[in-house]
Amino acid sequence: MDTQGLQQLELLCDALYNSSSESERQQAQQQLLSLQSSAEYIPQCQYILDHSHSSYALFVAANALTKLITQYWNNFSVAQRVEIRNYVLSYLANQGHQVPDFVTTSLIQLVCRITKLGWFDDPQHRELVEDVEKFLHANVDYCIVGLRILNQVVEEFNLPTSGRTLTLHRKTAVSFRDLCLFHIFQICLSTLQQVQRRQFANASPQQEVKIAEQALALSVRALSFDFIGTNPDESAEDVGTIQVPNTWRRLVQNPETMSLFLDFYKNTQPPSSSLALQAVILLSSVRRSLFATDKDRAAFLQQLVTAIREILQTEQGLNFQENYHEFCRLLGRLKANYQLCELVRTEGFNEWCDLAAAFTVRSFQQWQWFGNSIHYLLGLWGRLIAAIPYVPQQPAGSASGANGGGKNYRENMQRCVLQVVQSYIKCMVDSVEVVVRSDGGLEDPLDDEGSLKDQLERLPVICLFQYPAVAQYLMSFLDPLLQTYREKVLKNLPPAQLAATAPGEAASQLKILDGQLTWLVYVVGAIIGGHTSEIHGTSSSSSDSGALSQESMDANLASRCLLLAQDFNVRAQQTGGPGPCSPRLELALVSFFQSFRKMYASEMPHMLSMSPASLSAAIRMDAGGGMMKQKAYQTVYDLMGLGDQVGITTIIVTKVGNNLKYWGKNEDVVSRTLQLFLEMTMGCGSAKVLLSLDPIQYLLHHHTPEYFPFLSVPANSRHRTSFHTTLARLILSVVDEGTSAAFESFMEPILRVLGRLQETTEMRTEEAKQAVIGVCRDLRGVTAATQNRKAYCALFELLYPQYLPVFVRAAEVWFDTPEVTTALLKFMQEFVHNKAQRLMFDQSSPNGILLFREASRVLVAYGTRVLQHPFRVDVYKEKYKGIAISLNVLTCALSGNYVNFGVFALYEDPALDNALDVVLRLALSIPFQEILAFPKLSKAYFAFFEVLFRNHIPAVLSLSTPVFLQVIQAQHEGLQSVDPLLSAQCASTIDYLATYYYQNKSKDRPPMRALRNHLQAQPDVIFTLLSTLFNQLLFGSVNHWAITRPVLSLMLASEEDFNAYKEHMISSQSSPENQARLREEFARLCNDLQRNLEPSNRERVGQKLTVFRVAVSQFLAS
């Protein structure tokens, strides 16, 4: 690159980041990406760094260097790697504090990536920390750069690198942990002490803040390092136990370490103060075994509890939202890592409890600012309460006195917990009015599904600790609200007024009432669904009065929610719509139904089959506690006074039907309702009970858009399929018992639509289009519900032969419309899929052949037309998606084992040849790079060829040589995929080809003649495949067992190519010692090699290849 080329590149960089034209930015990006295409561009990137004054050009060059080094690492010698590393470090030393931060960051990432990749290559890479210390001892600007390098290097070693095996990553990370991490943590602490003592000469206040931020961030990264290789989820906000090594014990136990972070919290502002709290959280989470004695751990805990108590007393720093959130996390972690008996023994535990309760109450009251922190506080109280049964009233060794330890801690916690629960309920209910009055100025906590779910998961154990008082408190809110709702909304207002939006203040009152009921229904559902097995069943046998009290409270709360749902059902029938209820209240009721069903309807079918006398006798004879549960269930139903299990189930099912009927435009309500409906149908017994209910019968006979408008809403298309799956599962439980009349009646509306489509002369109309889409989605759902041979045959006999030609005609007419073809092809994929061996026809039945013939006709009708049609807008949606599904259809049909494909050639039926020809042309019409760009397409592509090579290899060999080599090249590329499933499929495909070649090498048949011609056109095919397989075996991160499968078959197919690869591999080693060792390992691999492909021999060779990989990988990289 010369000066002119540099100027052109700087102009491209400026256009990329500053141009207002989208096309100009895209063109600049395409030209600049060429810098990342080959290792030959590394000198050009260095030239840019040395001579350019454009920050954008420097950034592009640094990023390109990082990608090139990562991608082409094996192309460089050890000396070249060290040279590039030293160059970047020198650049940072000379220019790092002068270039913009984003350029420095990119260069730091580069040097850290080189350090990680070359960690075992040369000792210089392992001396990075010592090199960075030179930065720290220079001026302030260099010190900041040095701390940034250390931050990045810890993060780099903590996270896996794409393209590297997890085993190699762990080996590198462990070595870094043992050699450098503790020293880095010491650097953090010494740097923070220097900042605290103001020992940085000539440093401005802003520079001191930057140093503190970098040092604190480095402390957090060091403490959160993956010490033992658990690979935690980086997106998880909470932390587990910190497994620091024993060498860290002195620093962690030293009180000055925690005091240092606490001082920075007290004397700084965010982000420094919040980072200091994060460090305290991590310190509080260190493993128990790190402490030499219980006394040391108790002293550490006492310091932590005292610090938290002081913050609670003074509220220092809690006026910042970042600090507040981290402090809530710290409270949540306290009980997660320490047992209650340890906390109770700390001095001032009762005072700490009172302060924590008061802080929790204030947090609830300030929900507008701290809503995302509430679940941590609920988690703290939940963990404290869950541990109470395991701690005696006065633990041994607990302190005594007014403020000492946990004297009478249970009474104190009961009071605190009740205060916390009541405050939560009141604040959440009151929040509704604040949100409504703000007129959009405040976010509604009910709209934050993630936070709401976290809170509701942690709430039950807290509420159940003081259940009688909490239940009474809830009913004190529920009763007046329900009374008001019935009087002002459900009874007094006429239907016409309900249909219109209430004006002004009336609308606001309605929203407030609706939101408050939503909160309370959610809370009731969470409490009932949060019961454990200890609360019901066996516990009730030992304490009937306590169990009865709890069942009574459950019944009182549940009955109010069920009555509300019953009122909605009545109102819906009167008004012909959902009325004034909001979708959020409907979702809350669905959540309540799910919780109630889980606790009190799970054994409903068994109970319904027993008479009252039989039930009582079974309870008396019950020894395991199961019948006691049923007694508890029956008690709840009796106390609710709304009927038996059938009556309650009828209320729920009616609500399900009304939701589907009147909330069709709300996808959330439809989705959650269908999920509830599906759960209710699980189990044969449940299905039988549900089929006896009138609302279910209504659903089974009126499952059309005329009765349930949600079926015609485009956004609900996938829900239309799941709706029919659930209904079909119900009705097919009757078919299993020998009658198909009910199923035929259920299918009648679908068959009527197919009949109209069959009779129509003009299918290219909007009405016909929607009918085809709808009927395909419905039939896909019905087919998915057929889980056995009898059910599938009942469906097949209804569709064949009369109605299946409709789908062929639809494919011919609507091939260019993705909405139609996607629905049609997905139905065909489900229809030909032999899951659970449901497509097992009678021995004399031709149905398997007939089914494949119809599937072939659909594929040919679609494929022949789509190949000739141009697509320009969205190539994936318009073309590739349909091709992927077509590949899946034929894959399922070819691998279903219900068709004797030899029959087609015997009787000269072209169905198989036509289907293979069309689908092969579809697959080969897509550029390979685009196949890899779309995961679903690549999955379908490689699965299809795996089945094709397994069962129909002559069809592949009959392809022209260029096309055949294109297929093999695709398998070769897929073999190197980072997706283990794709690479395993490609390995199987190669194994099938090599096995066929080896077993038929001496035969003179047309397929073998074709294969020999293909291999003569490109003689290095087997050599290339062997080379890639061994490279993947030694250096890849894929499933090594899958990779070993084709190695033996390739070795036997062409021993000459294997010997050539072996000699090439040995000669590529620069060290004579490595050459000798590699030759020895190859000899050990080939020793006693049996020339057959029996399963036992394959297994033995696979084991030897594993030993070969372990032995060779130890020295090959060097």
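**A helix and some rings**

Reply: Let's start with helix α44, which is largely enclosed by the rest of the structure, because 10 of its 14 residues are buried. Bear in mind that this is a predicted model. The buried residues are Ala911, Leu912, Ala915, Leu916, Val918, Val919, Leu920, Leu922, Ala923 and Leu924. As for its length, α44 covers residues 911-924 and reaches 20 Å from first C-alpha to last, close to the 20 Å expected at 1.5 Å a residue.

Now for the rings. Searching the whole structure turns up 55 aromatic pairs. Take Tyr424 and Trp519: their ring centres are 6.4 Å apart and their planes sit at 90°, so this pair counts as edge-to-face. It ties together distant parts of the chain, with Tyr424 in helix α20 (residues 409-437) and Trp519 in helix α24 (residues 504-529), 95 residues apart. Tyr424 has a relative accessibility of 1%, so it counts as buried, and Trp519 is buried too, with a relative accessible area of 1%. Another edge-to-face pair is Phe944 with Phe945, at 5.3 Å centre to centre and 65° between the planes. Both of these Phe residues, Phe944 and Phe945, are buried.

Methods. Residues numbered from 1 in each chain as written. Predicted model: local features only at pLDDT ≥ 70, side-chain atom pairs only at ≥ 80, totals over all residues. Heavy atoms only, no water. Helix = DSSP H or I, 4+ residues; strand = E, 2+ residues; numbered from the N terminus. Expected span 1.5 Å × (residues − 1). Buried < 20%, exposed > 50% of the residue type's maximum accessible area, 1.4 Å probe, protein only. Phe/Tyr/Trp six-rings, centres within 6.5 Å; stacked < 30°, edge-to-face > 60°.
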